[in-house]
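Please read them alongside the sequence and the structure.

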Amino acid sequence: AWNFSAGPAALPEAVLKRAQAEMLDWNGTGASVMELSHRGKPFMQLAAAAEQRLRQLLAIPSNYKVLFLQGGATQHFAQIPMNLAPEGGSADYIVTGVFSKKAVSEAAFHVDARVAATSEATDFLTLPPRAGWQLNPEASYVHYTPNETIRGLEFHEIPDVGEVPLVADMSSNILGAPLDVSRFGLIYAGAQKNIGPSGLVLMIVRDDLLARPPRSIARILRYAEQAANDSMLNTPNTWGWYVAGLTFEWIEGQGGLAAMGERNARKSAMVYDAIDGSDGFYRNDVERAARSRMNVSFVLHDSALDSVFLAESEAAGFIGLKGHKAVGGMRASLYNAVSQPAVEALVQFMRDFAARHG
Ligand code: PLP
C-alpha cells in the first residue's frame with residue numbers, strides 16, 4: 001500500500017521493521033521498551049540519545065531545551081499562553097488556516113490573543129503579506145503555523161518579527177527541511193506526521209522563555225518544570241520517545257535534513273506538475289508561492305468524480321487521499337517517510353485516472 005495519510009501518517013519502513021524486530025527484546029533487556037521503567041538506565045540512555053540526535057539534526061543551540069511532552073499540539077495551544085504570557089498579557093497570532101484559528105481560540109482563554117494578520121478572506125488560499133501584519137511590540141510572543149496541514153499552505157521563509165519571540169506550530173513540517181532554530185523562541189509539534197506515533201509532542205524552547213515568571217498553574221503544565229525534570233515530571237510517552245529516536249536515526253542515515261528537504265521539494269513538485277499539467281482535470285488553488293511541500297491538496301474538475309477517484313485509488317492500494325472534511329477534495333501528504341516510488345505511483349495513477357475519466 002502507498003500511504004498518503006495526513007496524520008497519523010506513514011513512518012519509514014525501516015523504523016517500523018526495527019521496532020518490530022525489537023518488540024519483544026529491546027536492547028538485550030528481554031522486555032519490550034514499552035514495558036520498562038522510564039527511570040531505569042536503559043530508557044534514560046535511549047531518551048538522552050534521541051535528544052542528542054535531534055540536537056545534531058537541527059543544530060539546536062545550547063540555550064534551547066528539548067522537551068518530549070504529551071497532550072497533542074492542541075493542548076499546547078492552551079498551555080503556551082499559560083507559560084509565556086503573564087496574567088492579563090497579550091500575544092499576536094497569524095491566522096492562515098484551521099489550525100492557527102484553533103490555536104488563537106484556545107489561547108484566548110488565557111491571554112489577550114490578538115489576530116495580527118489573517119488570510120481568512122481568501123479562504124486560507126494565500127498567506128497574509130508580512131507588510132500588513134499589525135504586530136504589537138509589547139506582545140509576549142507571535143504565534144504562527146508554518147505549514148497549514150488542511151489546505152497545504154506553507155511559509156517558505158521564516159517571518160521577521162523583531163525582538164518578540166516567534167512561536168511556531170510545526171506539527172506538519174518539522175524535520176521536512178533544514179531549519180534555523182535560533183530564529184524561534186519556541187517550536188512545538190505533534191509527533192504523528194514526521195516523527196512517530198501520536199501522543200508525543202516535541203518542543204524546542206529557548207531558556208529565557210522558560211525563565212519567565214510562572215503563573216499560578218499546575219506544575220505539570222509548566223514547561224520550566226518539565227525542562228528541569230528532563231520531561232519526566234511524570235511518566236512520559238516512552239514508546240513515542242523510542243520511535244522518535246529511531247526516526248531521528250533514520251533521517252541521519254538518509255543524509256540529514258538537507259537530503260529530506262531536497263527529496264520533499266522533488267516529491268511535491270512531481271504532484272503539483274501532475275495537477276498543473278492536467279488541463280484543468282485537477283486543480284490546486286493555493287497561492288503558488290505558498291504551496292506546501294508536505295500536504296498537496298487538489299480538487300477534481302467535477303466533484304461527482306470524487307467518490308470514483310477515492311474508490312479506484314483505494315482499490316489500487318493508495319491510502320489516505322481523501323481531503324479534510326473542512327475543504328473536501330483530495331490531499332496527498334508527502335511526509336519524510338513517503339518514498340519517491342510512492343509519489344511516482346500516485347502521479348501515474350492520477351494521469352491514468354484523468355485519461356479514463358476526462
Ligand atoms: N497543528 C497542526 C499544524 C496540525 O496539522 C495538527 C493535526 O494533527 C494539529 C495542530 C493538532 O494536533 P493534535 O491532534 O496532536 O492535537
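1. The protein chain is divided into domain 1 (13–253) and domain 2 (256–357), with bounds that come from an automatic or database domain assignment. Their C-alpha centres lie 27 Å apart. Domain 1 gives 23 residues to the contact and domain 2 gives 24 residues; two residues are in contact if their C-beta atoms, placed from the backbone, lie within 7 Å.

2. On the side of domain 1 that touches domain 2, strand E7 (153–154) and helix H7 (238–253) are the elements that give two or more residues. By class, this side of domain 1 has ten nonpolar, nine polar and four charged residues. Here Ala, Val, Leu, Ile, Met, Phe, Trp, Tyr, Cys and Pro count as nonpolar, Asp, Glu, Lys and Arg as charged, and the others, Gly among them, as polar.

3. This is a predicted model, in which local features need pLDDT of at least 70 and side-chain atom pairs count only at pLDDT 80 or more, while totals for chains, interfaces and linings use all residues. Residues are numbered from 1 along each chain as its sequence is written.

4. Ten helices and 14 strands are found in the protein chain; these are DSSP runs (helices H or I, at least four residues; strands E, at least two), numbered from the N terminus. The protein chain is as compact as a globular protein of its length, because its radius of gyration is 21 Å, close to the 21 Å that the globule rule gives for 358 residues. That radius is taken over C-alpha atoms, and the rule is 2.2 Å times the number of residues to the power 0.38. Along the principal axes, the C-alpha atoms fill a box of roughly 60 × 55 × 30 Å.

5. Of contacts in the protein chain between residues at least 6 apart in sequence, 69% join residues at least 24 apart. Buried residues make up 46% of the 358 residues (buried: 20 or more other C-beta atoms within 10 Å of the residue's own, with C-beta atoms placed from the backbone).

6. Three strands form an open sheet in the order E11-E12-E14, with antiparallel pairing; two strands pair if DSSP finds at least two bridges between them. Strand E11 (282–283) and strand E14 (330–333) are the edge strands, each pairing on one side only. E11 and strand E12 (residues 295–300) are joined over two bridges in the antiparallel sense. Val299 in E12 is the bridge partner of Arg283.

Notes. Buried ≥ 20, exposed ≤ 12 C-beta atoms within 10 Å, placed from the backbone.
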